[in-house]
Each structure stands twice: as C-alpha cells, then as structure tokens.
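Reader: I should be grateful for a close look at one part of this model, namely the salt bridges and the residues around them. Please set that part within the chain as a whole, and state the cut-offs behind each term.

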Amino acid sequence: MCTAEATASLLQLEETFSACLARIDALVLKPLLQAGQLHKFPSACAKSRDNLNFLYFVTFANYVVVQGFEHLTKSKSEAWKLHKTVLKQFLTDFTSETSMSLALYTVLHKPLQDHVQQYLLLLTKLKEALKEGSEKDVVGSVIEEYVKLEAFISQVLDEACATKALWKSLGCKFTDMLCVPERRLLEDSKNLPISTSTNRSDRVLLFDDVLVLIQGNSFQSFDLKLVWVDENCGEKSTPGL
C-alpha cells in the first residue's frame, strides 16, 4: 500500500467511525442519559478523543462492575419501555436470543475497540510506506500511543468483567458492603495460592485498594497501605500476605 492509499484509507475509516459514533450517541447514549438511566456516562461523540477514550472506558468499566447494563434493562420506567423499541431497531446485528444487557454492552464498547485496532493496522501500513524522516517518526509516535490505548482498553475490560463475575458469585451481604464502581479484583485465593499470617480465612480477595479476608458469613477489609507481602515460603507454608 502506497502513502496516498494509506492516507485515503485512514480518512475513510475516520468518516465511517464518526458516523457510527454519531448514530450510537443519538440512538443509544443521549436518550438513556435524558431518561436518567445512565449517570456520569461520557458521550461517545466528543470533539477531543485523546483523553475521552480513556475517560470513556474507565467510566464504561465502572458501569460493568456494578452490573449497570443488567439493572438498566430490567428497568420498568416508561422512558425505558419507549426507548427499548428504538434500541431493538438499532441492535439489528443481534438475534432474538441475545440479552439486551449483552447487546448494550457490546454496542457501547466494541465499535471503539475495533476502531483502535483498525487504525493501528492502517497506521502501520502508512509507516511502512513512508521514507525515513520526520513524518515517519511522527506516525511511529502515534502508533505507540494507539498501542498503549489498545492495551489499556483490553486491561480495563478484563478487570471489570472479572470483578463483575466476583460480585455475582458472592452474596448480597458482601457485595452491598464491598462493591464500589472503581474497585477492581487483582487476585483471588480460589485461583492463586494466597494465605494470611493467621490462616483463619476461607477466602482471600486482593483488590487494587483493599485486602479482604472472608470467614464464613463475615469479612474483614484492610487498606493496602497497612498490608505487606511476604514472598518467603516455609516448608509447610505458601506465599502469604
């Protein structure tokens, strides 16, 4: 692919993506925001996308963690009932068996994630077509930023889905006290050999801000500033916290 072809493809991709965002914004996000169904959810169609991409996916991930799409689609408000018809027209790519919550989750993140991947592909082709010089260096810098963004999106979505799965598996008593939109699960003693110095916990949950020890129907939480990790393993012990 020559430079002209790569540039033309990038412009075409941008036009298609902008049209897609405008449609999502008009038919999905704005009606839900106006109906009060979404809170603090950034518009997918903003003038500056550099910081918006990060803000959007952080907010999106927080909404996933608290099972926002599940709660939203169970709403019995008149505003939601009216908007549901519009959504069904928009979500034509999904079958009747697809849950509305999964459809919303997909529509509100996949086009942006796909765009980043497609942009990276075309930028790479453009860089290959350019001769050595300042233009090629600039394109290389842009590629590095998009690689970081691609990794960031994958990470926040994976962490959000893992944390959401944890809250769904625990009882209401734990989720009511511990579930915070910004909190993310890092490790679970069910999946990794983690133990405490007392060894009196049925389960150990390490989050990005607290350590939670579950014993029966009760739990204790500790700020990570007060917790240390011991990497030394005794003959009869496992790495402990």
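Author: The account below begins with the chain as a whole and then turns to the salt bridges and their surroundings.

This is a predicted model, in which local features need pLDDT of at least 70 and side-chain atom pairs count only at pLDDT 80 or more, while totals for chains, interfaces and linings use all residues. Residues are numbered from 1 along each chain as its sequence is written, and side-chain values use heavy atoms, with hydrogens and water left out.

The chain holds 8 helices and 4 strands, where helices (H or I, at least four residues) and strands (E, at least two) are DSSP runs numbered from the N terminus. Their order from the N terminus is α-α-α-α-α-α-α-α-β-β-β-β. Of the 241 residues in the chain, 39% are buried; buried means under 20% relative accessible area, exposed over 50%, and partly exposed in between, with a 1.4 Å probe and protein chains only. The accessible surface amounts to about 14500 Å², and carbon and sulfur atoms supply 54% of it; such areas come from the Shrake-Rupley method with a 1.4 Å probe, and for residues only the protein chains shown count as cover. Among the contacts with a separation of 6 or more, 55% involve residues 24 or more positions apart, a contact being heavy atoms within 4.5 Å.

The average pLDDT, the predictor's confidence in each residue from 0 to 100, is 81, and 76% of the residues score at least 70. Among the elements, H7 has the highest mean pLDDT (93), and helix H4 (residues 78-90) the lowest (67). Over residues 233-241 pLDDT stays under 50, and there the model has 18 contacts beyond four places in sequence. Where pLDDT is low, the predicted coordinates should not be read in detail.

The part requested may now be taken up. Side chains of opposite charge can pair when their charged atoms come close. A salt bridge is here a side-chain nitrogen of Lys or Arg within 4 Å of a carboxyl oxygen of Asp or Glu, and the count by this rule is 7.

One of these joins lysine 164 to glutamate 70, at 2.5 Å from N to O. The pair links distant parts of the chain, since lysine 164 lies in helix H7 (residues 134-169) and glutamate 70 in helix H3 (residues 68-73), 94 residues apart. Both partners are buried, lysine 164 with a relative accessible area of 18%. Apart from neighbours within four places in sequence, lysine 164 is in contact with Val64, Val65, Gln67 and Glu70.

Glutamine 67 occupies the loop between helix H2 (50-65) and H3, and its relative accessible area of 19% makes it buried. The phi angle of glutamine 67 is near 60°, a positive value in a residue other than glycine.

Threonine 163 also has its place in helix H7. At 0% relative accessibility, threonine 163 is buried. Leaving aside neighbours within four places in sequence, threonine 163 touches Val65, Arg183, Arg184 and Leu185.

A further salt bridge is formed by glutamate 145 and lysine 148, at 3.7 Å from N to O. These two residues are 3 residues apart in helix H7, so about one helical turn separates them. An α-helix has 3.6 residues a turn, so residues three or four places apart point the same way. Glutamate 145 is partly exposed, at 46% relative accessible area.

Lysine 30 and aspartate 25 form another salt bridge, with the closest N and O atoms 3.6 Å apart. Lysine 30 is partly exposed at 42% relative accessibility, whereas aspartate 25 is buried at 4%.

With a disulfide taken as a pair of cysteine sulfur atoms within 2.5 Å, the count is 0. Cysteine 2 is partly exposed, with a relative accessible area of 38%, and cysteine 20 is partly exposed at 29%.

Buried residues in H6 include Leu112, His115, Tyr119 and Leu126.
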